[in-house]
Structures are given as C-alpha cells and as structure tokens.
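This briefing covers a few local features of one structure. The points below are grouped by topic and can be followed with the coordinates open.

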Amino acid sequence: MTSIDHVLQHAWPASALGAWSAAWIAGRCSPDDVVDTLAGSADLHVLDDRTGTPDPTPAGVLGILTLLRDAGRLSVRLPSAGDPQGLPPDEATTAAFAAGEVLLIDDGAATPLALIPTEHDGSCRWRAMRYRSEVPSGATGLAGDIEYELRQAISTTAELITKIGGRTATMPVDLRGTLRAQTHRHLVEVPPHDDMRATRMIETAAQVESIAILAGEAGAGFGATAAQWSSGDGELRRLVGLAHAARAAAVNRIIAEFLGTTW
C-alpha cells in the first residue's frame with residue numbers, strides 16, 4: 001500500500017464532534033457513537049481543561065463527554081483570515097484561529113465554553129477554555145447562497161486540476177489517488193440526518209478545499225505575470241475560506257436539526 005492509497009484520518013474533529021454530540025443529546029445515538037467518531041480523527045484524545053473550575057474534569061474522552069452531556073446549544077466555527085465567523089477578541093478565539101476550528105458549548109453558564117482541537121503525532125489535544133464574554137451568532141449566510149458559491153467554485157477547481165497535472169511530475173493516476181485521499185480526509189463524518197443540502201455542502205466543501213490545497217502545494221498559478229500569480233494566491237485563499245464557511249454552515253444545520261435551535 002502506497003502513501004497515496006493510505007486512508008488518512010479525518011480532519012475537522014470539532015465539526016464531527018459537534019454533529020454527533022447533538023445527536024447524542026437528542027437521544028438519536030449513544031455515547032459510544034461519539035467515541036467512535038473521535039477515533040476517526042486521532043488514535044488518542046487528551047483533554048486540557050483551562051477553565052479554572054474547582055472540580056477537575058475527567059481526562060481524555062470521558063472528560064470531553066462530561067463537558068458536552070448537558071449542553072443546551074452547540075455551534076461549530078471555522079475561522080479563517082478575514083472571516084472570524086462571529087468570534088469576539090479573546091484568548092479562546094486566538095487558539096481557535098490557530099487550530100482553524102472550535103466547538104462552542106452553551107452549558108448554562110454566563111459565557112460559552114470552547115473546545116479547541118490540536119492534532120499532533122496521531123493524538124488530539126482538546127483545550128477547554130471559557131470565553132470572557134458572550135459569543136454572537138455566526139454570520140454564515142444563507143445556505144442556498146453558500147451552496148451556489150460552492151457550485152461556482154467547482155468550475156475554478158476543475159481548471160486548477162488541469163494546471164496541477166501540467167506543473168508537476170505526478171502521474172495522473174497518482175494525482176487522482178492523492179485528491180481522493182485528501183477529499184476523504186476533509187469530509188466530516190456526521191450522524192444520519194434528513195438535511196440533504198447539508199450533506200451536499202459538506203461533500204462539495206471537501207472537494208473544493210482539497211483541490212485548492214493541492215494547487216497551492218504544487219505551485220499551480222493563474223497566469224504568467226507576478227500580479228496574476230498574486231491574484232491566484234488570493235483566489236486559493238478565497239476557495240479555502242469558502243469551504244470553511246460552507247462546512248461550518250452545513251454542520252450547524254445538522255446540529256440545529258437535532259437540538260431544534262441555532263446559534
């Protein structure tokens with residue numbers, strides 16, 4: 001088995017955790033299902049509780065479930081450059097930007113709890129941090145508008161695929177294998193649900209982001225001049241940011257389906 005054929009572990013553990021935790025809280029799955037989902041992103045999960053609570057939270061997966069079991073609302077945010085997704089200035093927001101992902105938990109306290117994953121050497125360390133102030137609703141836009149932008153992005157990524165193949169020594173079959181593995185990695189595993197638009201958005205976001213990442217790594221450009229190349233870098237960042245916004249919106253739609261509320 002080559003490295004290309006190897007199935008990579010899933011990225012976006014906070015997104016998957018948010019969707020499955022909502023299903024668990026709603027009585028639609030068991031805690032074991034949540035644990036199995038976490039195993040899909042890392043072999044080991046460690047909880048780093050920085051909330052300063054007097055009662056210590058259990059370590060590992062048990063501690064993560066303890067923090068989630070009484071949640072009234074959940075929200076996933078995937079902040080990127082130029083799009084903080086409603087996150088206010090805070091130490092937790094700084095950590096969320098570094099990780100690219102955060103799961104917000106309304107546990108009845110005055111301010112929300114943040115679970116922020118950081119992956120390293122097959123393990124995932126979850127920092128639990130308490131925001132100092134309320135976190136407003138994420139300005140993710142209408143799902144229909146985001147899905148339309150994703151469909152438009154497919155045309156751009158189709159052009160990028162051609163340029164990747166022309167600028168690298170990678171054989172087409174290897175390129176397809178790499179893209180397939182990366183797209184699988186960027187998919188979010190979610191529980192069975194009824195929102196097919198959310199499913200489409202998750203799948204398309206994974207495809208768009210994977211192609212944009214591969215294009216950036218391969219040095220695929222959009223023209224011959226320095227200005228065109230600079231514009232091309234901006235377009236790649238736009239595609240990745242769009243994929244993040246779409247993924248967050250889709251997962252939050254699934255969370256709302258189970259919990260009956262949005263954030």
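Predicted model: local features only at pLDDT ≥ 70, side-chain atom pairs only at ≥ 80, totals over all residues.

Apart from neighbours within four places in sequence, Glu209 is in contact with Trp12, His186, Val240, Ala243, His244 and Arg247.

**Glu209**

- Glu209 belongs to helix α7, which spans residues 196-218.
- The relative accessible area of Glu209 is 3%; because buried means under 20%, Glu209 counts as buried.
- Among the contacts of Glu209 outside its sequence neighbourhood are His186, His244 and Arg247.

**Helices α1 and α3**

- Two packed helices are described by the angle between their axes and the distance between the axes.
- For α1 (residues 13-25) and α3 (residues 60-68), the axes come within 11 Å and the crossing angle is roughly 60°.
- At that angle α1 and α3 are oblique to each other.
- The crossing of α1 past α3 is right-handed.
- On the α1 side the residues that meet α3 are Leu17, Ser21, Trp24 and Ile25; on the α3 side they are Ile64, Leu65 and Leu68.

**Ser21**

- Ser21 lies in α1 and is one of the residues there that meet α3.
- Ser21 is buried, with a relative accessible area of 0%.
- Leaving out neighbours within four places in sequence, Ser21 is in contact with Val34, Leu68 and Leu74.
- Ser21 and Ala71 are separated by 50 residues in sequence, and their C-alpha atoms are 9.0 Å apart.

**Helix α4**

- In α4 (residues 91-99), the buried residues are Ala92, Thr93, Ala95 and Ala96.
- These residues lie on the same side of α4 because they cover an arc of only 160° around the axis.
- An α-helix has 3.6 residues a turn, so residues three or four places apart point the same way.
- The exposed residues Glu91, Thr94 and Ala98 sit on the face of α4 turned away from its buried side.
- Three strands pack against the buried residues of α4: β3 (102-106), β4 (113-120) and β5 (123-130).

**Ends of α4**

- At the N-terminal end, α4 is capped by Asp90.
- In this cap, a side-chain oxygen of Asp90 lies 2.9 Å from the backbone nitrogen of Ala92, and Ala92 is also among the buried residues of α4.

Key: Residues numbered from 1 in each chain as written. Heavy atoms only, no water. Buried < 20%, exposed > 50% of the residue type's maximum accessible area, 1.4 Å probe, protein only. Helix = DSSP H or I, 4+ residues; strand = E, 2+ residues; numbered from the N terminus. Arc of directions from axis to C-beta. Contact = heavy atoms within 4.5 Å. Polar contact = N/O pair within 3.5 Å; in protein donor to acceptor, adjacent residues only side chain to side chain. Axes fitted to C-alpha atoms, helices over the stretch in contact; angles between N-to-C directions. Parallel < 35°, antiparallel > 145°, perpendicular 65-115°, else oblique. Left-handed = near helix turned anticlockwise from the far one by under 90°.
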